[in-house]
Amino acid sequence: MATAPARPTPGSAGEGMSEEAFEAVFDAAVAADERIEPRDWMPEAYRATLVRQIAQHAHSEIIGMQPEANWITRAPSLRRKAILMAKVQDEAGHGLYLYGAAETLGTSRDELLDKLHSGRQKYSSIFNYPTLTWADVGAIGWLVDGAAITNQVPLCRCSYGPYARAMVRVCKEESFHQRQGYESLLALSRGTTAQHEMAQDAVNRWWWPSLMMFGPPDDESAHSAQSMEWKIKRFSNDELRQRFVDICVPQAESLGLSLPDPDLRWNEERQHWDFGEIDWSEFKEILKGNGPCNDQRITQRRRAHENGAWVREAAEAYARKHSPGTPHTGTGTSTSTSTSTSTDDRNGTRKATA
Amino acid sequence: MTAAEHTAALALGDDALVLSHRLGEWAGHAPVLEEEVALANIALDLLGQARVLLSMAGDEDELAYLREERAFRNLQLVEQPNGDFAHTLARQLYFSTFQHLLYGQLATGDSVFAPLAGKAVHEVAYHRDHAEQWTRRLGDGTEESHRRMQRAATALWQFTGEMFQPVEGVPADWQQLEQSWQRSVTEVLTSATLEVPEGPRAGAWKAGAGRQGLHTESFGRMLAEMQHLHRSHPGARW
């Protein structure tokens, strides 16, 4: 990955440079579409914005495991069960990459998890909705992962190197999940009457929340302008939301399912789909913690962490006893738990060993 | 496929299916993210094995979703509830050591299970390594983890004898399996500063248990959850 080779870093080549000089170098690098790397000087506000955004992104992966894991033990066929398990496993893996990316900015996973557990950092509002039927798993794959991809593909070109590189890996896997979600909904839509109704009901419940994933409208989005200037963001919330709607409408049609919006219609002049007004009051309530599953999600997350404390302590105590001289960091449980799933593992459709 | 091979495929397939299901219950509840990944990874490997084995015996979904409790042939060990992390790992240690040794034997033979075993033995080697490392960390970690690991190892001991009852159609040297298993588990527990549990390795109730379709109480509830949706839509495709 291209790091600007001769960019001065504090304490080395940059000895004696003024703050303004560093800032000028940073601005020039961003303007030239170069990647900012962990050791480069960066404005404190840039660092803080990235920590907030990457952490929130990581938290969303972790909390986002819950609504889907809710159906692992009830998946209706072994093939679907394998696909779902592989997906939830990938989400844990994405959380790991993203916490890793955040750590390059001088924070730690423990610190970020602590902020999640105490409600000082947020996760995506979408995961505060419940998964009530099996079709919700397909709708999440199609719509929620679809919205996530629309948001994340531009982040592969984000100015901060570690984040951009994490997003490349995440996006590849997400696209795979999204196709599987679509395919699962298609099977339901073309199945029995009861299955078709289940699919339609799920789309009805997930459509609007998915549109809210792009965040508030541009004129109310607090961080947007600065993030775009820093090339963390490449497109505005409303631009991405429109792009998503334009993609989904024909997909819904080929699924044989309708989208729950009477105002949806093709606008010949704009060459885009017009769509109805989003209920921003619902969005705000959920962000305030008043959604259907806010308490449940954070309580389960906290409980898993608290119930696991003795395990983490054991791993640290064992590491201290058995690797003298090796300074021990973090959770100390990395030895045998590689994330080396093969592409086949993720596929889930394989007869695993065949 | 002979009748004996059919029964054998069900026995081995049910072991993998049921343990995979139990591990799937951990999703979103693990003590660290790395274990979310690891437990799901093991569950997926086992589910993959189950699908191959059940498909040898018939239709994988019919067999998984439409048999009742008395028709399942899995070991009672694998259906035991997860309990705490130590409990899950003790179950995993006992079973993956057994499965690794068994598949090692089957892989070098010429039975119908040889191709599956030849591939799965590599996955299971990883499961075994994972379980052994955690047994050492928990056994030789803190006082609390030591106590929990000992309790788990002891509580599950009574289910380990069943693994070595010969299964018709599985061409294994059962006596050698049992000896190797004893040796290996003793070595791991001892190096983890744990006592090798004493007492019988089979329940006082000598009915033959899981392999004959006699299960423990929690198993029916597990199946109810697993099968509910599939049974609610007879004939549907997913």
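Tutor: In chain A, helix H2 (residues 44–63) packs with helix H7 (residues 161–189) at an angle of about 25°, their axes lying 13 Å apart; helices here are DSSP runs of H or I with at least four residues, strands are runs of E with at least two, and both are numbered from the N terminus. The axes are lines fitted to C-alpha atoms, for helices over the stretch in contact, and the angles run from 0 to 180 degrees between N-to-C directions. That angle makes H2(A) roughly parallel to H7(A), since angles under 35 degrees count as roughly parallel, over 145 as roughly antiparallel, 65 to 115 as roughly perpendicular and the rest as oblique. The crossing of H2(A) and H7(A) is left-handed, a term that applies if the near helix is turned anticlockwise from the far one by less than a right angle, clockwise being right-handed.

This is a predicted model, in which local features need pLDDT of at least 70 and side-chain atom pairs count only at pLDDT 80 or more, while totals for chains, interfaces and linings use all residues. Residues are numbered from 1 along each chain as its sequence is written, chains are lettered from A and ligands numbered from 1 in the order in which they are written, and side-chain values use heavy atoms, with hydrogens and water left out.

Within the pair, Leu50(A), Gln53(A), Ile54(A), His57(A) and Glu61(A) of H2(A) meet Tyr163(A), Met167(A), Val170(A) and Glu174(A) of H7(A), contact meaning heavy atoms within 4.5 Å. The residues of this contact between H2(A) and H7(A) divide into 5 nonpolar, 2 polar and 2 charged, where Ala, Val, Leu, Ile, Met, Phe, Trp, Tyr, Cys and Pro count as nonpolar, Asp, Glu, Lys and Arg as charged, and the others, Gly among them, as polar.

H7(A) also packs with helix H4 (residues 78–103) of chain A, at an angle of about 160° and with the axes 10 Å apart. That makes H4(A) roughly antiparallel to H7(A), and H4(A) passes H7(A) in a left-handed crossing. By class, the contact of H4(A) with H7(A) has 10 nonpolar, 4 polar and 8 charged residues.

The sequence position of H7(A) also includes Phe176(A), whose C-alpha atom is separated by 13 Å from that of Leu143(A), 33 residues away along the chain. Leu143(A) is placed in helix H6 (residues 135–152) of chain A and counts as buried at 0% relative accessibility, buried meaning under 20% relative accessible area, exposed over 50% and partly exposed in between, with a 1.4 Å probe and protein chains only. Leaving aside neighbours within four places in sequence, Leu143(A) is in contact with Val203(A), Trp206(A), Trp207(A), Ser210(A), Phe244(A) and Cys248(A).

As for the chain that holds these helices, the secondary structure of chain A comes to 14 helices and 2 strands, and buried residues make up 56% of its 354 residues. Among contacts in chain A between residues at least 6 apart in sequence, 76% join residues at least 24 apart.
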